[in-house]
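Subject: Structure for you to look at

Hello,

Here is the structure I promised to pass on. Please open it alongside this note; my findings follow below.

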Amino acid sequence: AQKFILLLETLIDLNDKNEIQDLISECVFNSVDEFWKCQQCSKIFWIGNQTKNIIKTYEKIMDLINKK
């Protein structure tokens, strides 16, 4: 969890995705509009299927907890 929090603190929002067009696949470039870049390692991040699945799982868990 600590690494995740530190990563979030180093991300910057990329206002112009054209800056990273050569760094990501064409499919991702065409289907995603919002990207973030880590100031420390320069990795590019976006909300993709993995993130969406994590959110769905979290929502299901919260629904189960709230039904108790």
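This is a predicted model: local features need pLDDT of at least 70, side-chain atom pairs count only at pLDDT 80 or more; totals for chains, interfaces and linings use all residues.

Now the pairings. β1 and β2 run antiparallel and are joined by 4 bridges. In that part of the sheet, Asp 13 of the chain stands opposite Trp 36 in β2. β2 and β3 also pair in the antiparallel sense, over 2 bridges. Here Lys 37 has Ile 44 in β3 as its bridge partner. As background, side chains in a regular strand alternate between the two faces of the sheet.

β2 and β3 form a hairpin, with 5 residues between them. Look at the turn. Ser 42 has a positive phi of about 70°, although Ser 42 is not a glycine. Ser 42 sits in the loop between β2 and β3. Its relative accessible area is 42%, so Ser 42 is partly exposed.

The overall layout

The chain has 3 helices and 3 strands. Read from the N terminus, the elements run α-β-α-β-β-α. There are 68 residues, and 18% of them count as buried. The accessible surface comes to about 6000 Å². Carbon and sulfur atoms account for 53% of that surface. On contact range: take the contacts between residues at least 6 apart in sequence, and 31% of them join residues at least 24 apart.

The core

Which residues make up the largest nonpolar core? There are 8 in all: Leu 14, Ile 20, Ile 24, Val 28, Phe 29, Val 32, Phe 35 and Ile 44. Setting aside neighbours within four places in sequence, Ile 24 is in contact with Phe 29, Phe 35, Ile 44 and Trp 46.

The aromatic pair

The count of aromatic pairs comes to 1. The partners are Phe 35 and Trp 46, in an edge-to-face arrangement. The rings are 5.9 Å apart, centre to centre, with 65° between the planes. That angle counts as edge-to-face because the cut-off is over 60 degrees. What does the pair tie together? Phe 35 lies in strand β2 (residues 35–38), while Trp 46 lies in the loop between β3 (44–45) and α3 (49–67). The pair therefore ties together parts that are 11 residues apart in sequence.

Are the two partners buried or exposed? Phe 35 is buried, with a relative accessible area of 0%. Trp 46 is partly exposed, at 31%.

Other positions to check

Thr 10 is found in helix α1 (residues 2–10). Its relative accessibility is 11%, so Thr 10 counts as buried; the limit for buried is under 20%. Leaving aside neighbours within four places in sequence, Thr 10 is in contact with Lys 37, Cys 38, Gln 39 and Gln 40. Lys 37 is the residue whose bridge partner in β3 is Ile 44.

Phe 45 is in strand β3. At 29% relative accessibility, Phe 45 counts as partly exposed. Phe 45 and Glu 34 are 11 residues apart in sequence. In space they are 8.8 Å apart, C-alpha to C-alpha.

Leu 23 lies in the loop between β1 and α2 (26–31). Is Leu 23 buried or exposed? Leu 23 is exposed, with a relative accessible area of 58%. Leu 23 and Lys 43 are 20 residues apart along the chain, and their C-alpha atoms are separated by 9.3 Å.

That is the handover.

Best wishes

Technical notes. Residues are numbered from 1 along each chain as its sequence is written. Side-chain values use heavy atoms; hydrogens and water are left out. Buried means under 20% relative accessible area, exposed over 50%, partly exposed in between (1.4 Å probe, protein chains only). Contact means heavy atoms within 4.5 Å. Accessible areas come from the Shrake-Rupley method with a 1.4 Å probe; for residues, only the protein chains shown count as cover. A nonpolar core is a set of buried Ala, Val, Leu, Ile, Met, Phe, Trp, Tyr and Cys residues joined through side-chain atoms within 4.5 Å. Rings of Phe, Tyr and Trp (its six-membered ring) pair if their centres lie within 6.5 Å; planes under 30 degrees apart count as stacked, over 60 as edge-to-face and the rest as tilted. Two strands pair if DSSP finds at least two bridges between them.
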